[in-house]
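Here's a quick briefing to read alongside the model. Have the sequence and the 3D view open as you go.

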Amino acid sequence: MRRLSPVALLAFTLLMAASAWGQAPSWLASWPTPRATGIAFDAAGSIYVSQFANHHIDVRAPDGSLLTQWGSDGPDAWSVTGPGHLAIDRDDHLFVAEWTTHSMSQSGVQEFSTGGAYLGSIGFHSPGASSDPGALFEPSGIAIGSDGRVFVTDVGLLRTQVFSNDRAWLYEWPSRGNSIALDGAGHAFEVEEAGVVRKYDASSGAELAHWGSQGSGPGQFIAPEGIAVDAHGDVYVTDTYNHRVQVFTNDGDFLREWGGYGNGPGQFYRPMGIGVAADGKVYVADTWNGRVQVFESLTTPTHATSWGRLKTRFREGH
């Protein structure tokens, strides 16, 4: 057998790694969910999905079976009027970013027990472009830090506000984020309708990096809506009007994409929400197909090796 030079062997190894990394994840399941918008997970692994048009929250077991659903339309603070993105804190309290409300009594961000009991609201409804701390006009995305802080993006007031776990206002930064996700290293990621992902220092709001533009190529977006971060810090974006999901490193290097317009397994029609569970499975709110799709973890186990072992395995055909 002809032996490759060290340079050629290295190129072959990198090519094979890149090829495996770029593959789409395996499709696992889907379940019908009309106008699914947001996705969150509790400590037990149950999945929470907001139904925007039906004004309620679905709760499903890890196997996808429906456990319960709760919520109803109405003008009261505890009504679930137009639920969008979701987040769950360390106490298993569910926070709902309401995309539509009926009255001034609805701030736009609600806190419930995972069983649906209303616990309170974050901030207060603003009838116009108020810069007052805690005012919310068009809250869009929500995320919870490991310390319990609540991060809320507001596309109407063009800012992200941060609240303590007891709902007290802490600080803010200017932003245009549709949605927000946090990693385990103190970073906040927001995706903007204009096709940009921004990375911030979550403790100060200082921008650290950004990437993306309008278009349909790798790293480009058309009206992206949802964002999530996995345990390794990789960033997932629902590229809504390109009907796909894109994945990036923590600093914005493109890793892979999957999807395309359609209603078959692994295809999408304007997906919005996205979440990565503790086991790495990826859940996508395939909004206009009226379903949630589940995909296998993208995590590939790695094993320590050496240059000599790589050469031996290649020569032996392993």
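Start in the loop between S25 and S26, where you'll find Arg 270. Keep in mind that this is a predicted model. Arg 270 has a phi near 55°, which is positive even though the residue isn't glycine.

- Most residues other than glycine have a negative phi.
- Arg 270 counts as partly exposed because its relative accessibility is 23%, and the cut-off for buried is under 20%.
- Arg 35 also has a positive phi, near 50°, and isn't a glycine either.
- Look for Arg 35 in the loop that runs between strand S1 (27–32) and strand S2 (36–41).
- With a relative accessibility of 28%, Arg 35 counts as partly exposed.

**The largest nonpolar core**
- This core has 13 residues, and the ones touching the most other members are Tyr 236, Trp 258, Ile 274, Val 282 and Val 284.
- Strands S24 (244–248), S25 (254–259), S26 (274–276) and S27 (282–286) each give two or more residues to it.
- Setting aside neighbours within four places in sequence, Ile 274 has contacts that include Ile 39, Gly 226, Tyr 236, Val 245, Val 282 and Val 284.

**The whole protein**
- The protein has 28 strands and two helices.
- Its 318 residues are 51% buried.
- Take the contacts between residues at least 6 apart in sequence: 44% of them join residues at least 24 apart.

Technical notes:
Residues numbered from 1 in each chain as written. Predicted model: local features only at pLDDT ≥ 70, side-chain atom pairs only at ≥ 80, totals over all residues. Heavy atoms only, no water. Helix = DSSP H or I, 4+ residues; strand = E, 2+ residues; numbered from the N terminus. Buried < 20%, exposed > 50% of the residue type's maximum accessible area, 1.4 Å probe, protein only. Contact = heavy atoms within 4.5 Å. Core = buried A, V, L, I, M, F, W, Y, C linked by side-chain atoms within 4.5 Å.
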